Amino acid sequence: MLLPVAAFVVAERRVATVRRLLTLRPPRTGVDVAALAALVAVVALLALAAAQPALSSTNTQRVRTDAEVLFVVDTSQSMAASAGPKGKTRLERATEAASRLRSALPAVPAGVATLTDRVLPNLLPVADAAAFDATLQGSVAINQPPPREQNVRATTFGALAGIPGAGYFQSSAKHRAIVLLTDGETAPFDANAVAKALGGNPRTDLLTVQLWRRNEAIYAPSGRSDPNYRPDPASRTQLASLAAATGGRVFREGELGSAAASLRKMLGSGSTNTEGRTRTTHPLAPFLAVLALVPLALIFRDQARGRVRGPGPGEITSR
């Protein structure tokens, strides 16, 4: 806080030196009210910033207890494919799509799981959207964890049959949905077995978002494509058979708006309870520190211009 005062003193001394060299008469004695007010404002704003003031708010969230959704993300090697060496991979696009779909259901608890030749939980359904997004960004990666068997094609949709009985959903959740984000490239599986498992009581609905383009390849850090990988055009047929057996829906990644509407329809409506309180704090110190630069700039501007304060008649004065 002493910096503005020191700057003011140094500036006044420089002006006095120039005045003596030019044999100019000093200005009339008195207080430069504007400069003094600006200096006081600088000190006051910096003192206020040092006190670390902040605005805080508390938010509550309405959460459904009768509905939950589990986002299952395919993390097999083929999800590393992209349209170019610097393009977004299928997995990156999948996590972005999951975040967008989850934001369309703010009152429904949502969880995250990964799929290869088995389904493994990363986050059981919760109402905390921040925890959901953090899990997507920090815990979902290619072959993490790796499949149990190192086959040419690790993904098998047959693993979805294990979800209803694995404790992913609360018993109070009568409306349940799985959102599968995948390229659709799977090992052979029994669609009817999956349908039977998901058709239990309560039923678990299935909505799939396919992230697949025929011109994609898997690229090494060097930029070279993997010669052993080719996009499988049969992936759409595989997903269509899964949807037909389970009564589910399949959407492409460019149809997220329609997918969100379908997902809301699957989960229906229900009563909500107030759950959790989130306290948000907004520090004001950075804004006050920046604001203090305004009067400080005015002081330096006036000193640079050599502004005079009210010379008397016939006087030649200078600051």
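Me: Which residues in helix 3 meet Leu256, Ala259 and Ala260 in helix 7?
Reply: Bear in mind that this is a predicted model. Helix 7 covers residues 256–267, and its axis comes within 10 Å of the axis of helix 3. On the helix 3 side, the residues that meet Leu256, Ala259 and Ala260 are Ala97, Arg100 and Leu101.

Me: Are helix 3 and helix 7 roughly antiparallel or oblique to each other?
Reply: Helix 3 passes helix 7 in a right-handed crossing. Their axes cross at roughly 45 degrees. An angle has to be over 145 degrees to count as roughly antiparallel, so the word for helix 3 and helix 7 is oblique.

Me: And helix 3 with helix 4, are they oblique or roughly antiparallel?
Reply: Helix 4 spans residues 129–139, and its axis also gets within 10 Å of the helix 3 axis. Here the crossing is at roughly 170 degrees. That angle makes helix 3 and helix 4 roughly antiparallel.

Me: Which residues of helix 4 make that contact?
Reply: Helix 3 brings Thr95, Ala98, Ser99 and Arg102 to the contact. Taking both helices together, the residues divide into four nonpolar, three polar and two charged. From helix 4 come Ala129, Phe132, Asp133, Leu136 and Gln137.

Me: What is the order of the strands in the open sheet?
Reply: The sheet has six strands, and the pairing is mixed.

Me: Which strands stand at the edges?
Reply: Look for strands with a single partner, since one side of each is then left without a neighbour in the sheet. From one strand to the next, the twist averages 20 degrees. The two at the edges are strand 4 (119–126) and strand 7 (249–252).

Me: What is the bridge partner of Leu180 in strand 6?
Reply: The bridge partner of Leu180 is Thr208.

Me: Which helix lies across strand 5, strand 6 and strand 7?
Reply: Helix 3 (residues 90–103) lies across strand 2, strand 3, strand 4, strand 5 and strand 6, at about 170 degrees to strand 2. For strand 7, look at residues 235–246, which run at about 165 degrees to strand 6. That's helix 6.

Me: Where does Pro202 lie, the one with a cis peptide bond from Asn201?
Reply: Omega for the bond joining Asn201 and Pro202 is about 5 degrees. There's also a cis bond from Gln144 to Pro145, and Pro145 lies in the loop between helix 4 and strand 5. Pro202 is in the loop between helix 5 (191–198) and strand 6.

Me: Over which residues does pLDDT stay under 50?
Reply: The mean pLDDT of the protein is 86, and 84% of its residues reach 70 or more. Where pLDDT is low, the predicted coordinates should not be read in detail. The stretch under 50 is residues 307–319.

Notes
Residues numbered from 1 in each chain as written. Predicted model: local features only at pLDDT ≥ 70, side-chain atom pairs only at ≥ 80, totals over all residues. Heavy atoms only, no water. Pairing = 2+ DSSP bridges. Helix = DSSP H or I, 4+ residues; strand = E, 2+ residues; numbered from the N terminus. Axes fitted to C-alpha atoms, helices over the stretch in contact; angles between N-to-C directions. Contact = heavy atoms within 4.5 Å. Parallel < 35°, antiparallel > 145°, perpendicular 65-115°, else oblique. Nonpolar A, V, L, I, M, F, W, Y, C, P; charged D, E, K, R; others polar. Left-handed = near helix turned anticlockwise from the far one by under 90°. pLDDT = per-residue confidence, 0-100.
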